[in-house]
Structure formats: C-alpha cells, structure tokens
Amino acid sequence: NEVATSAGIDEIYVENYGRDKAKINLDIFESLKDRPDGKLILVTAITPTKYGEGKTTMSIALHDGLRKLGQNSMLALREPSLGPVFGIKGGATGGGKASIIPSEDINLHFTGDLHALTSSINLISAVLENHIFRGNALRIDPKRILWKRALDMNDRSLRDIEVCLDSNDGQKHRSGFVITVASELMAILCLATNKDDFIARINRILVAYDLDNNPVYLKDLRISHAIYKLMKEALKPNLVQTLEGNPVLIHGGPFANIAHGCNSIIATSLALKLGDYVVTEAGFGADLGAEKFLDIKMRVMDKKPSAVVMVATIKALLSHGNGTTELERLQSGILNLKHHLENIKKYQLTPVVAINHFVSDEPELVAYLKSWCEANDYLVSFVDSFLMGSDGATDLARKVLEVVNKKSHFKFLYQDSLSIKQKIVAVSKRIYGASKVKFLKKARQQLQEIERLNLNHLMICMAKTPLSLSDDPSLVGTPKNFVITIRDLTFSLGAGFIVAITGKILTMPGLPLVPLAVKMEDESI
C-alpha cells in the first residue's frame with residue numbers, strides 16, 4: 001500500500017494479493033483521464049546469448065536511477081513464463097540489487113494471470129470439440145481446426161497430437177499445444193485497451209474453417225463472456241516493487257521470438273498516466289522485441305516512444321566476433337551492436353547504449369566499447385546496478401533524460417497499405433539484413449488465403465530465432481547474403497496481426513538436457 005501511494009494510486013483501486021502483491025482496479029483510468037501522458041522509454045538489446053543479456057535488469061536499474069535523481073518514473077514489465085523458469089533461461093525479475101520482489105512469487109504463480117489464460121485457451125478447444133460432437137451445427141471441419149490448446153510449460157511431446165482416439169468421443173483428428181505465452185489470447189490480453197476491446201478482439205479469433213471453406217470465428221461459438229469471466233481478474237495489472245521500494249507494474253508476457261514480446265497496453269497506459277517517465281522492455285534483441293514494440297504495440301496505442309536504451313554485454317559481443325584475441329573478437333562483434341543501433345535510427349529514434357557490467361569483464365574491453373560508442377556519436381553508459389543498485393544507474397538515467405525530453409520524430413517501418421508479403425519483406429530486409437525472402441508452398445497458399453479474406457491491412461508478427469539476425473541460430477554476428485524462409489503464416493485476427501513463421505521456430509519449446517527444474521533439487525526449500 002505504501003508503494004501504491006508512492007506511485008500516486010489511491011488505495012480504493014488497490015486489490016491486495018497478500019502483503020507484497022496487488023492488482024489495480026481498472027476503474028482507476030476514469031480518475032486519471034485528464035492527466036497528460038508521460039514519456040515512454042524502451043529498453044532493448046543486441047542479439048543475445050541463450051541466457052539473455054539483462055534487459056529486465058537494465059530496465060529496473062534505469063527506473064531506480066531515475067527515481068534516485070528525483071524523477072517521477074514508472075516501470076512496466078512482462079510476467080515471466082514457467083517455460084524459461086524451469087527450462088534454460090531462468091526467471092525474469094532482474095538480478096542482484098537491480099531486482100523486483102517478491103521474486104519467486106512473480107516467477108511462479110504470481111496472481112494467477114497465466115493460469116487464467118491457459119484455462120481460457122483450453123475452454124475454447126473444449127467448447128469447439130463439444131460443438132462438433134453434439135451435432136456440429138456450424139459444420140466445422142475437424143481437419144481444419146486452427147485453434148490449439150496451451151500449457152505454460154516447455155513440453156515438446158505435445159506439439160503435435162491426435163485427439164478423440166475413442167470414436168465414442170468424436171471424430172479423430174490432429175491437434176497440438178502451444179506454450180501459453182505464444183497463444184493469440186496472450187497477445188489479445190496485451191493489446192486490448194479495455195474490457196469492451198478485449199471482448200471484441202476475442203470474438204474476432206479465427207478458430208476453424210467449415211466444410212465449405214468458410215471461416216468460423218469465436219463469436220460463432222458464443223463463449224466470449226465466459227472467457228471474459230475467466231479473464232476478468234487477469235485483465236487488471238499487477239503492482240509490485242523494486243528492491244529499493246519503487247513501484248513496478250507487471251502484466252502480460254508474450255514471448256518475442258514467437259509472439260509480439262511486449263507487456264500489456266493496459267499496464268503501459270496506466271504507467272503513462274502515473275509517471276512523467278515510463279520505462280518498459282521488449283523481449284530478446286532489437287530485431288524482434290523492439291521491432292514488434294515499435295510496429296505493433298505503438299500502432300495499437302497510437303503513441304510515440306521518446307528514447308531507446310540498447311543493452312550490450314561484453315560476453316555477447318565476444319560471442320558474435322571472430323579473432324585470436326578477445327579484443328579482436330570484440331572489434332568484430334561490435335558490428336552486431338552497430339546493426340541494431342542503425343535499425344533504431346530507421347525509426348527516427350535516438351538510442352543510448354547501456355553496457356551491462358559483469359564482474360568477469362576485462363576493463364580494457366569495456367574501455368574499447370565505450371570509446372567506439374563515443375567515436376560513433378552514441379551516448380553510452382557503464383551500468384553497474386547488479387552490484388550497486390540505483391547508484392550504478394544514475395549516469396544512464398541522466399543520459400536518457402538528455403534524449404527523452406527532445407521532440408520525438410518516430411515513424412513506423414512499414415505502412416498499413418502494404419500487402420502482408422511486402423511487410424514481411426520489409427522487416428526481413430531492412431531489420432534483419434536478409435538479401436532475399438523465400439516463401440514455401442504452405443506460406444504461398446496462406447498468402448492467397450489472406451487475399452481471399454481481405455486481410456492485407458493487418459500487421460505482421462515475425463516468429464524467428466532470437467539467437468541470430470537470420471532465421472538460422474548458428475549464424476551469429478552480423479551475417480550477410482542470407483535468405484529468410486517463411487514456412488507458414490498463421491492468422492491472429494483478434495490480435496490484429498499475421499504471424500510469419502520462419503526457419504525451424506517452434507511455438508511449443510522443449511526443455512534442455514538438464515532443465516533448471518532439475519538444478520533446483522540442490523536448493524534448500
């Protein structure tokens with residue numbers, strides 16, 4: 001409650017979940033409607049290693065740093081998925097003294113939002129299958145059901161399944177699971193602006209085709225209000241705090257490699273009403289999270305970001321480089337940073353480089369990276385908040401303030417009037433650096449279906465490996481003359497975009513050889 005007060009949230013809107021978590025009632029928007037919006041700051045990163053480069057840690061650090069300087073800032077982040085928590089990447093609550101609490105609760109069940117999402121996703125499947133079993137008045141073709149079940153866990157065995165194996169239960173057909181954070185319903189949660197918009201969006205979901213090749217939408221199943229009842233509490237943003245007691249809104253958590261990678265518009269909009277400056281992050285590297293934040297989320301919000309922070313680590317830059325010495329590897333690895341910085345400038349935005357410090361970093365390598373940034377006219381800050389908290393981020397905060405108070409000339413990468421194919425080519429060539437885009441047979445058929453259904457006005461959401469600018473995770477650094485292969489296009493009409501699936505990307509990840517769940521066995525409970 002003290003944290004809510006510090007954020008300017010009246011206690012009548014605070015719904016406590018225990019002593020250290022709360023949801024904020026959406027009625028608060030009416031009381032804030034006349035307040036001007038604050039300035040929006042996006043935190044993104046270079047192409048990461050499989051463990052991530054600390055965007056969340058840097059976002060927390062910047063927020064704490066701004067507050068340390070006396071600025072009224074807010075932080076809006078995504079909710080963690082259990083997939084990475086028990087898989088390879090771990091939780092998403094920052095690190096060291098730049099963390100949010102209660103960390104374990106946030107990483108696990110939190111306030112139940114992902115459980116509500118999973119139940120709602122599976123309710124759609126259950127009602128759809130039951131409709132077919134009970135006479136199939138909509139004449140749904142079981143072989144053309146598009147909607148997939150979900151589980152917030154990495155379980156590769158559920159990617160492709162068969163259901164109704166007992167003929168008494170219905171007609172046998174293929175189905176599958178996606179991880180909850182890759183489902184369209186998660187995207188809808190994060191792109192909906194209010195209750196009515198949420199219901200309108202879920203009614204537009206394309207769930208199947210009928211036997212005459214006509215689309216079947218969720219509105220035809222007449223369950224939008226049942227889904228809303230399941231999701232009612234999940235629509236409310238969650239309030240927690242940093243280790244230094246600064247307010248944080250956490251809400252929604254789509255992956256950025258297979259979904260759009262941004263926290264909810266509801267939480268970001270609330271933060272903009274409460275703070276003069278709002279820090280938020282988008283998943284994975286700038287080729288994925290930042291592109292989707294700028295081309296999808298900003299379109300829906302009709303907002304302009306005022307600054308972009310580009311997180312870089314010596315570790316990741318070395319992994320993207322070649323050479324016999326670490327300095328040589330860093331010098332070539334910096335080309336990856338250069339690529340991402342130049343991409344941000346294509347949106348008419350000014351990036352600030354944040355060097356996320358690790359104790360293993362060689363001082364001479366950090367000095368070289370700083371001098372390269374300065375020589376190329378980029379503001380750069382060495383951030384040591386893992387060890388020092390807000391004291392390690394005040395320099396970054398000052399440099400971001402230099403940029404954020406200037407007028408934003410932001411523009412989108414592509415225009416709505418382009419076809420879906422043209423939008424995919426624009427992102428692939430202008431952001432990734434591809435020389436060519438290849439559409440496989442299934443994707444070409446889907447492009448024809450997009451034309452038939454008049455869907456070219458929609459946005460695009462690229463599903464691509466986060467480990468490379470290309471769609472091949474083994475091509476690290478800054479690859480040239482590569483081809484982006486589009487193997488499938490899926491329709492997320494409620495979210496308002498077409499998902500272009502590249503390479504070998506999967507919407508249900510698998511666990512590594514030794515999952516983090518196994519490593520937890522050695523921890524004291």
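Which residue of β12 does I140 stand opposite? I140 faces D210; point 2 takes up the strands involved.

1. Basis of the model. The model is predicted, so to speak of local features a pLDDT of at least 70 is needed, side-chain atom pairs count only at pLDDT 80 or more, and totals for chains, interfaces and linings use all residues. Residues are numbered from 1 along each chain as its sequence is written, and side-chain values use heavy atoms, with hydrogens and water left out.

2. Strand β12 and its partners. Helices (H or I, at least four residues) and strands (E, at least two) are DSSP runs, numbered from the N terminus. Pairing of two strands requires at least two bridges between them in DSSP. Strand β7 (residues 140-145) pairs with β12 in the antiparallel sense over 2 bridges. Strand β13 (residues 215-217) is also antiparallel to β12, over 3 bridges, and L206 stands opposite Y217 there. β12 and β13 make a hairpin with 4 residues between them, and N213 in the turn has a positive phi of about 70 degrees.

3. Burial of β12. Buried is taken as under 20% relative accessible area, exposed as over 50%, and partly exposed as in between (1.4 Å probe, protein chains only). Strand β12 (residues 206-210) has 5 of its 5 residues buried, so it is largely enclosed by the rest of the structure.

4. The open sheet. Four strands form an open sheet of mixed pairing in the order β20-β22-β23-β21. Its edge strands, β20 (436-439) and β21 (459-463), each pair on one side only. On average, neighbouring strands of this sheet are turned by 40 degrees against each other, direction ignored. Axes here are lines fitted to C-alpha atoms, for helices over the stretch in contact, and angles run from 0 to 180 degrees between N-to-C directions. β20 and β22 (residues 483-492) run parallel and are joined by 4 bridges; V437 stands opposite I484 in β22.

5. Helices on the sheet. Contact means heavy atoms within 4.5 Å. Which strands of the sheet does helix α19 lie across? Helix α19 (residues 441-452) lies across β20, β22 and β23, and runs at about 45 degrees to β22.

6. T502. This residue is in strand β23. T502 is buried, with a relative accessible area of 1%. Leaving aside residues up to four places away in sequence, T502 touches M462, A463, K464, D471, I484, T485, I486 and R487. In general, side chains in a regular strand alternate between the two faces of the sheet.

7. A267. Helix α11 (residues 265-274) contains A267. Why does A267 count as buried? A267 counts as buried because its relative accessibility is 0%. Not counting residues up to four places away in sequence, A267 touches P237, L249 and H251. A267 and A76 are 191 residues apart in sequence, with a C-alpha to C-alpha distance of 6.5 Å.

8. Helix α17. Helix α17 (residues 394-404) is mostly covered, with 8 of its 11 residues buried. The buried residues are T394, L396, A397, K399, V400, L401, V403 and V404. They pack against β3 (39-45), α3 (55-68), β16 (277-281), β17 (307-312), β18 (351-356) and β19 (379-383).

9. Cavities. On a 1 Å grid over the protein atoms alone, a cavity is a set of points where a 1.4 Å probe fits but cannot get out, and lining residues have an atom within 4 Å of a point. Grid points are joined across faces, edges and corners, and a volume is the space filled by probe spheres set on the points. The structure holds 2 cavities of 30 Å³ or more.

10. The largest cavity. Its volume is about 90 Å³. The lining consists of E79, P80, L82, I106, L108, H109, F110, D113, L114, H115 and D152. Helix α6 (residues 113-133) supplies the largest share of this lining, 3 residues. By class the lining has 6 nonpolar, 2 polar and 3 charged residues; Ala, Val, Leu, Ile, Met, Phe, Trp, Tyr, Cys and Pro count as nonpolar, Asp, Glu, Lys and Arg as charged, and the others, Gly among them, as polar.

11. The second largest cavity. About 30 Å³ of space lies in it. The lining residues are S125, L128, E129, I145, W147 and R149, which divide into 3 nonpolar, 1 polar and 2 charged. For the second largest cavity, the largest share of the lining, 3 residues, comes from α6.

How values were computed
1 Å grid on protein atoms, 1.4 Å probe; cavity = no way out; pocket = protein on both sides within 12 Å on 5 of 7 lines; lining within 4 Å.
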